[in-house]
Amino acid sequence: MEDQSIVSALLLGLIEGLTEFIPVSSTAHVLLAGHFLGFRSPGNTFAVLIQLGAILAILSVYAQKLVGIALTLPSSARSRHFVLSILIAFLPAAVIGALAHDFIKSVLFETPALMCVVLILGGFVLLWIDRQVLTSRYTDAMQYSLPLAFKIGLCQCVAMIPGVSRSGATIVGALLLGADKRSAAEFSFFLAMPTMVGAFTLDLYKNRNALNFDDSALIAIGFVAAFISALLVVRSLLNYVSRRGYAFFAWWRIAVGGLGLVALTLGF
């Protein structure tokens, strides 16, 4: 295992953790960074498997709330409703992701120029949504109606195109459907849990025969880096978006996408 590979895995893990829960597309950032670093893994599996670090980060932050929901499931209609709404929101991505997995990994994940263009377009969408005066009818993520949850789940499916951003798609969808910024981000966090676990499990199964010891060691390095950096983001994001919105992330997407296109045009 080369030192350069170790440094690349560490850097990509940090990028994954820092970008997973903000609307800038962690997948596009990790894949583009891996492209320019010359870092390759079988079927781009590294980019998906290190997401487990980010999953564990959000599980640790919300551990107390998750335990509370689990303990009150038998007695609380509110808890049962919330769990059901998350499962309903997860369903579209589970079905489409399983059916389109090979196309996503072999075509979309292998097209850096597409990711850059989508990053830029998504940035303009975020700028537009941030400037709208929207009426917030839903302010509690645990009380989203089941039809609303399903619609947010449909929005999440758009994020199978790398560059869209899973959190960006679900948050923008929720805002347009009447949620406020804080509850939209919180619902996106909870929806990330089954979605990312599902993607991780499917990708691990699909590539079970392609991974070797060196791959596993690099994934472990990326996993730890993703866990630590994701902790920092999850603990601060809700308060940030509640106060300042999404303009910073929009301009970041546009800058990264633009620089990526320039670099690709120059042959890097």
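The paragraphs below go through a predicted model, from its confidence to its helices, salt bridges and selected residues.

Because the model is predicted, local features are given only where pLDDT is at least 70 and side-chain atom pairs only at pLDDT 80 or more, while totals for chains, interfaces and linings use all residues. Residues are numbered from 1 along each chain as its sequence is written, and side-chain values use heavy atoms, with hydrogens and water left out.

The pLDDT, which is the predictor's confidence in each residue on a scale from 0 to 100, averages 87 over the protein, and 94% of the residues score at least 70. Among the elements, helix H8 has the highest mean pLDDT (96) and helix H3, residues 45-49, the lowest (73). Helices here are DSSP runs of H or I with at least four residues, strands are runs of E with at least two, and both are numbered from the N terminus. Where pLDDT is low, the predicted coordinates should not be read in detail.

An unreviewed UniProt entry annotates residues 43-62, 82-100, 112-129, 184-205, 217-238 and 250-267 as "transmembrane region". Such annotations may be inferred rather than shown by experiment; their positions are in the numbering used here, with feature names shortened. In the model, residues 82-100 are 100% helix and 0% strand, with end C-alpha atoms 28 Å apart. Residues 250-267 are 89% helix and 0% strand, and there the end C-alpha atoms are 26 Å apart.

Side chains of opposite charge can pair when their charged atoms come close. Three salt bridges are found in the whole structure, a salt bridge being a side-chain nitrogen of Lys or Arg within 4 Å of a carboxyl oxygen of Asp or Glu. In the following, buried means under 20% relative accessible area, exposed over 50%, and partly exposed in between (1.4 Å probe, protein chains only).

Lys 65 is partly exposed at 30%, whereas Glu 186 is buried at 16%.

Another joins Arg 78 and Asp 140, whose closest N and O atoms are 2.9 Å apart. Arg 78 is in helix H6 and Asp 140 in the loop between helix H7 (112-130) and H8, 62 residues apart. Both are partly exposed, Arg 78 at 36% and Asp 140 at 22%.

Lys 181 and Asp 130 also form a salt bridge, with the closest N and O atoms 3.4 Å apart. This pair links helix H10, which holds Lys 181, to helix H7, which holds Asp 130, across 51 residues. Lys 181 is partly exposed at 28%; Asp 130, at 19%, counts as buried.

Helix H6 (residues 77-106) also holds Ser 79, which is buried because its relative accessibility is 5%. Beyond its neighbours within four places in sequence, Ser 79 is in contact (heavy atoms within 4.5 Å) with Ile 69, Thr 72, Leu 73 and Met 142.

Ile 161 sits in the loop between helix H8 (146-157) and helix H9 (166-176) and is partly exposed at 32%. Leaving aside neighbours within four places, Ile 161 contacts Leu 108, Leu 114 and Val 118.

Finally, Phe 268 follows helix H12 (247-265) and is exposed, with a relative accessible area of 62%.
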